[in-house]
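Here is a short walk through a structure. Start with confidence, then turn to a chain contact and a helix pair.

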Amino acid sequence: MMRSSLAGGNAPGKAERDFYARLTSHKILTIILLSLALLAVLGIALGLGSANISWEDFWQVFKGAVSPAPASQETGSKLARTVIINLRLPRALLATLAGCSLAGAGAMMQGILRNPLADPYILGISAGASFGAALAVVLGLGKLAGFTLAQGYVVVASAFTFGLLATFIIYGLASLRALAPETLVLAGVALGYLFSAGVSLLKYLSSHEELRELTLWLMGGLAGAKWQSLFLLFPVCLAALAFLWRSSWDLNALGAGEEVAANLGVNLGRLRRNGAVGASLLASATVTFTGIIGFVGLVAPHLGRFLVGSDHRYLIPASCLLGAILLLLADTLARTVASPIEIPVGVITSLIGVPFFLSLLFRERRRWWS
Amino acid sequence: MGSKKNRFVARVLPLLMLLIIFLTGCSSPKNAAQNGLTGKTVKTFVDGTGKEVKISCPVDKIVCLTSGVSEILYALDSADKMIGRDSYSIFPADLEKIPVMAKSSFSPNLEAIIKSAPDVVIADTMLKDDLRAKLEEAGLPVLVYTTSYPHETALVVKQMGELTGKEERAAKLIAFSDKYYQLIKDRVARLPEDKKPRIYYEWNKPYYSAGDKTPANDRIALSGGKNLAAGQKVKYPELTPEWLAGQNPQIIIRMSSREEGADKMKALYDEILSRPALQQTTAVSQKKVSIMSWGLGTGIRSVIGSLHWAKWFHPDTFSDIDPEAAHRQLLKDFYHMELKGTWVYPPAK
Amino acid sequence: MVVKLAVDGLSFSYDSQPVLNEVTLAIDPGEIATIIGPNGSGKSTFLRCLARILLPAQGVIYLDGRNITNLSGRSLATLLGYVPQEGTKVFPLTVYEAVLLGRRPYITWAVGQKDRRVVEEILRFLQLEPLAGKPLTNLSGGEKQRVMIARALAQEPKILLLDEPTSNLDIRHQLEVLGILESLARKKNMTVLMVLHDLNLAARSSQKLVLLHQGRIFASGSPQVVLTPENIRTVYDVEARVRQDDLGVQVLPISPANGRAKL
């Protein structure tokens, strides 16, 4: 009863109808469970840290924050409130949003290029975006420190421009010759080097104060998370993700081959263009606020595919949730594992991501393609 | 008319002078307000970034996330007030007992710092503005400094003295440095330009030098040398060996990191002497190559480094000066320790 | 509803290399037509032009009298199903999902009752029901080919285009696939146009053969008319014996025409 009502089917007796209902209800259930897991991980991320806030204090702060009563100022100790509301919460939310965006961008790139190795980091899109942001900093277009909202958007726009440029170069290479997935990865790595060289050049050319900002920014990290950057990032990422999610059926059709997709009435040119814009925007906006974080965009969609299959209607939300969970866990580890010293979060994601990438490259080659 | 004008000038001038004193004295505390109960005074500090910060002094608990200031606090007998440090604050070794709250100013553990509730947090410019803002939001005053230039170091010593109520000792420490800096300046000023040797300064990697507007460039000039890389647009350029050989440096200075001992310094020395590209240069053929520990390159002890440099550049002019004795005295007077280890190679004769 | 497929003066070139030259053709509803011809004669290109995957330089393709360039992607997809030559590299969809893709022209977001009914009927028709939950990557070649046809059928097209649907299949599976196509044409009055390499299979399964030679139609009509030793010699450069019996025309290739390969 539950099952059929979940999937919206109510004609009994047909085994096949039950089959599809089972198929979708399983996926929906998985996504619900992932959402709950994300909430749980958020709770853990807010509860753990060097300051050793007791769970009792944590609960007080939580109640205070949730209840609309103005008396909330009095709940919990002052230390607990400062640490949880000002430090852990914005950081955890930034990790969630960044993980979500990177995973969404990864799922999109994998779908569009039909390449299981695609990821904004591996294809050099993050490096392109980082060059764009660095350029904005050096040209003084926007101060990364002391953001105003408008300046923030300027940096995002510059990052986006170069992220998009990287994406279109990758596209061009992918379509110029029917490149093998591995070859495209090589091209992406080369592109990444090119943009890194550009950043190094900027470092050489910039003045003292710019250099300081640039250096600090390039070192990345989630520690500086501010509400303001969240307010800036949230609408951009939400819009881009919704935009990508809408093209789920087109991506599904493309999964069966370009000719099939064309026959099914998919406008391939438009799908590619929109996908490039959406994925580049997600990756670039994230890079602007967190620096380059690798492999989340690779790992999350594959885990998502393992859990809910290749239907992008379910795959995109599942990947986003998994990306958020992954990055949140990685950042919590980065904060706590060597406390009081913090490890850069990119170290943790690479420690997870690189073995995963290598196993994709060698062991599972057959399984994923053909 | 004339007398009116004079009166005006007579009135305005003192006012102007007051204003100038007020402005130039911005590093000294203002708005002092005595608090009768605790014996504390709220003072306003203008830190290395030009930011005004009000702090109730003397402070009892300090988190210091930059080694340059940690060693100053130690010299002012205030290390006991440090309740947190960065992982690089390890000179003097006593500091290692203090809990680490950051790898460096770039990655402070905000939670640990806020929980320890210090009266002030001190960092260097690697502290991101966002993170500084977070600490300030939590009600912690933050002071940010660099100690690359002598005048910066002097400012920090002065302000640390005020912060911890050790003004007298701070004045002594500043006087110690000033005495030697003044001596170097006076003697170098009397030297003709053509007597100043051409210096190739190498920091952490082969052929990496320091160009215009760097502390090293200023320090070379201070000790009476001509920095070959001074004209470079890039701050820390990588020079081509050919170009360098063509410039024919008369003296080569190479910095080694703080942790590296005599063996490593000797290895660096031998390596530079054996570089094929530099064989024809005056510096290599006359073996005028010196290695100096970075411990004498920045902060309080950079005055010792400058003394060494001055003596290397102009042995006759500074024949009566013994940098090692000055170093020994500095350590004895302010750090209560003996001079140990190797700081320059080859050792002074 | 039945739909007539007509092609008028179709020309196509890759990088100014002419591949198709003034091809004109009409196929009746419920007919199985097969395009044959040697490698490089333009068979697959012709099929791709019909599916509007390639845009011809000249000429018009009519579906029921309407120029297909004026149709929207979705409405063309509901008229014309295309099964490409090889299952391309894919992420592992299940059989059900792969067939469901064929409903994409009808679906905006959610999968409706009708979509499911169509998919399930087709799965039953092609005996794919037991495989519905399996990922495509675990299927045999014959099963995969049936899934690809099922996907095209889910579009509920009036015309089915297939590019070498029997390649990579063993004899039994070749016959199975062709049997499916025959019953589609007979029972559902569907127009089937495919490309085949095997002349005997083509002759057995089709009412009409179209013999392409250097981008032009060399001959078209019933197998008896098209598959003559003379035509085969000219187009394929092969000496062949052609026999007729109760199963239709049979072609037995003997040797390359100018005798070069005689040992």
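pLDDT is the predictor's confidence in each residue, on a scale from 0 to 100. This model is predicted. For chain A the mean pLDDT is 83. In that chain, 86% of the residues reach 70 or more.

Helix α14 (residues 312-336) of chain A has the highest mean pLDDT, 94. Helix α1 (residues 2-7) of chain A has the lowest, 36. The pLDDT is below 50 over residues 1-13 of chain A. Beyond near neighbours in sequence, this stretch has 14 contacts in the model. Where pLDDT is low, the predicted coordinates should not be read in detail.

Now turn to the contact between chains A and C. Chain C brings 30 residues and chain A brings 28 residues. On the chain C side, α2 (73-79), β6 (80-83), α3 (95-100) and α4 (113-125) each supply at least two residues. α2(C) gives the most, with four residues. By class, this side of chain C has 17 nonpolar, six polar and seven charged residues.

Back in chain A, α14(A) packs against helix α15 (residues 345-361) of chain A. The angle is about 125°, and the axes are 8 Å apart. Angles of 65 to 115 degrees count as roughly perpendicular and those over 145 as roughly antiparallel, so α14(A) is oblique to α15(A). The crossing of α14(A) past α15(A) is right-handed.

Which residues meet here? From α14(A) come A330(A), D331(A), L333(A) and A334(A). They meet V345(A), I348(A) and T349(A) in α15(A). The residues of this contact divide into five nonpolar, one polar and one charged.

Conventions: Residues are numbered from 1 along each chain as its sequence is written. Chains are lettered from A and ligands numbered from 1 in the order in which they are written. This is a predicted model: local features need pLDDT of at least 70, side-chain atom pairs count only at pLDDT 80 or more; totals for chains, interfaces and linings use all residues. Two residues are in contact if their C-beta atoms, placed from the backbone, lie within 7 Å. Ala, Val, Leu, Ile, Met, Phe, Trp, Tyr, Cys and Pro count as nonpolar, Asp, Glu, Lys and Arg as charged, and the others, Gly among them, as polar. Axes are lines fitted to C-alpha atoms, for helices over the stretch in contact, and angles run from 0 to 180 degrees between N-to-C directions. Angles under 35 degrees count as roughly parallel, over 145 as roughly antiparallel, 65 to 115 as roughly perpendicular and the rest as oblique. A crossing is left-handed if the near helix is turned anticlockwise from the far one by less than a right angle, and right-handed if clockwise.
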